[in-house]
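Please read the points below alongside the sequence and the coordinates.

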Amino acid sequence: MPEIATNTSPILPPKEAEEKVISPWKEGWKSFRKNKVALVGLGIVTFFILIAIFAPLIAPYSFEGQKLSDKHLAPSAEHWFGTDEFGRDILSRVIYGSRISIGVGFLSVAGSVVVGSFLGIIAGYYGRWIDTIISRVFDIILAFPSILLAIAVVAVLGPSLRNALIAIAIVNVPIFGRLLRSRVLTVKEEEYVTAAKAIGMGDGRILLHHVLPNSLAPIIVQGTLAIATAIIECAALGFLGLGAQPPAPEWGKMLADSRAFIIQAPWTVLFPGLAIMLTVLGFNLMGDGLRDALDPRMKN
Amino acid sequence: MFSYTVRRLGSLIPVLLGMAFIVFMMIRAIPGNPAQVILGQQATEEAVAAMTKELGLDKPWFIQFWDYLSGLLKGDLGVSLKTNSPVSEEIGPYLMATIELALIAMIIAVVIGVNAGIISAWFQNSWFDYVAMVIALIGLSMPIFWLGLMEQYIISIQWDLLPTTGRDNIRDPVEAITGLYLIDTLMQGRVDQFFEVIKHLILPGIALATIPMAIIARMTRSSMLEVMRSDFIRTARAKGMRMFWVVYKHSFKNALIPVVTVIGLQTGLLLGGAILTENIFGWPGIGTYIYDAILSRDYPVIQSGILVIAFLFVMINLVVDLLYAAIDPRIKYK
């Protein structure tokens, strides 16, 4: 009997047929590529990521080198974005600042995704009281305006960039937790999960091989949009003096330090803010585009 | 509807308890000895012991939490460490200042956002649609603290059109009755002061309104586009109804549900955003109250300030949920 089920069976699709199967990722990329607005977003994001990676090569000056004789120079050929109250080159500080903002964006969201997915999967897969407790905790966290909760966390842990990152990550956990929970609830009912269970697959492998891959697209969409929010929140905490501490060239902190000099040197306030806005815009555009491309429920 | 209301209220209890618990834990989660952190490194041992006692940190945590909860139910929000007066007495004027600012911001956001969304959907793919949606995208990505600074620089400093900070003219302060200065000035018949208050409200109002305005405009547009494809709209058009009424009456009424959800959610978020806007415009609201408390490590004020805002947030969402049924009788709660 078992020899019938060898892989020489003619029922298996021939190679050519296999190649014609378009993966949802390829299809997604095809529709993403047609979306001009999303491509602009991808361009902006790539631009800032490259700047962050190659900051030491691009920045014309050091981000902390003070030269008091050069204080508050207006934008010129030598200092494209001008200088601040300590004579530091603002262009260089904005360039190095991209490392902080994008770094906090990615790291905090990665943290929220890992913790949120873990909790969401457990809640969705095991249900019952575990689900009730985890879902209630999510409800409670979401009952606070997010920036306010982040401020509260930093007020407790003390102001620093690391604590701001932790705060932002905590605030975003329920977004991914709820997402994964609802995905698990849908996927759990699928026949292939029943089949996997029938052949004796363990819970862990089912979650890893079936549930997670099926949840990847919405995680990427939500994650991109969450990075945008995280960057704004990081800058907001920095602006309130609760995030990065001097002399770190964090964009929000730069705004807060320069606002007293807005009359003499408006460029000190203009450029860091523009950088925040552009980066956030890039991630938002990209996230919107990804949602249209990857999330079939949102397709018209 | 009645049973839904009761159940919706019931589901609030665990959330409110959880919120109170998080806020309660804030002071206890401070790394090290909270009393020492609050008083600073130079504090004497006696002072630390006294502070520990004052904060009730010497008792077991569940008794502390019970005391805290029963205090909250009696309206006791703790005592400010800086001014030594009860937070519940201090917080009123700050809260009213924030509510006034938030209301104005929400009015700006709803009036402009909803209409921009409707017109964008009506003339889909026109230049208006295109421009409005680009502005909305930029608005969505706007760091409002930066927008506030730019407003101050261009409109107040360069053009000298509007005041940079505060709620009223410091040389002619408004006499508070309700704490909502727009109402107070009218009650006193001070029309000159009324316009002064409006002038002070415009810049922070716009800054705070930007993000909700963008979100409301986008949501209204997509919701309207969906409704305008339905059969009853085609019927209304076929009957020869004027497009204006088709759009504003038939379509908008049916597009309202997601818009109301977004408006409710944004009103809550606005309260969070107020802390940044108030910081920039020197607005004496609850955000400023919390911010100053953070700087002076006045934890009872931080706790209660955050709790009050979160409570408002939850209540606004409750009202929105209950509003659905009123707007759309098709919604039936099981």
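1. UniProt, in an unreviewed entry, places the feature "transmembrane region" at residues 37–59, 100–125, 137–158, 164–180, 215–241 and 261–283 of chain A. UniProt positions are given here in the numbering used for the model, feature names are shortened, and annotations may be inferred rather than shown by experiment. The model itself is predicted: local features need pLDDT of at least 70, side-chain atom pairs count only at pLDDT 80 or more, and totals for chains, interfaces and linings use all residues. Residues are numbered from 1 along each chain as its sequence is written, while chains are lettered from A and ligands numbered from 1 in the order in which they are written.

2. Two of these spans may be described in detail. Residues 37–59 of chain A are 91% helix and 0% strand, with 29 Å between the end C-alpha atoms. Residues 100–125 of chain A are 100% helix and 0% strand, and their end C-alpha atoms are 36 Å apart. Helices (H or I, at least four residues) and strands (E, at least two) are DSSP runs, numbered from the N terminus.

3. The unreviewed UniProt entry also places "domain: ABC transmembrane type-1" at residues 98–287 of chain A. This span is 83% helix and 0% strand, and its end C-alpha atoms lie 19 Å apart.

4. Chain A as a whole contains 12 helices and 0 strands. Its radius of gyration is 24 Å, well over the 19 Å that the globule rule gives for 300 residues, so chain A is more spread out than a compact globule. The radius is taken over C-alpha atoms, and the rule is 2.2 Å times the number of residues to the power 0.38. Along the principal axes, the C-alpha atoms of chain A fill a box of roughly 90 × 50 × 35 Å.

5. Of the 300 residues in chain A, 48% are buried. A residue is buried if 20 or more other C-beta atoms lie within 10 Å of its own, exposed if 12 or fewer, and partly exposed in between, with C-beta atoms placed from the backbone. Among the contacts in chain A with a separation of 6 or more, 71% join residues 24 or more positions apart. Two residues are in contact if their C-beta atoms, placed from the backbone, lie within 7 Å.

6. Which elements of chain A face chain B? The contact takes 33 residues from chain A and 36 residues from chain B. On the side of chain A, the elements giving two or more residues are helix 6 (128–142), helix 7 (146–157), helix 10 (203–239) and helix 12 (267–294). By class, this side has 27 nonpolar, 3 polar and 3 charged residues. Ala, Val, Leu, Ile, Met, Phe, Trp, Tyr, Cys and Pro count as nonpolar, Asp, Glu, Lys and Arg as charged, and the others, Gly among them, as polar.

7. A cis peptide bond, with omega of about 5°, joins Pro246(A) and Pro247(A). Pro247(A) is in the loop between helix 10 and helix 11 (251–258) of chain A.

8. In chain B, Asn84(B) has a positive phi of about 65° although it is not a glycine. Asn84(B) is placed in the loop between helix 4 (61–73) and helix 5 (87–122), and is exposed, with 7 other C-beta atoms within 10 Å. Asn125(B) also is not a glycine and has a positive phi, of about 70°. Asn125(B) is found in the loop between helix 5 and helix 6 (127–140) of chain B, and is exposed, with 8 other C-beta atoms within 10 Å.
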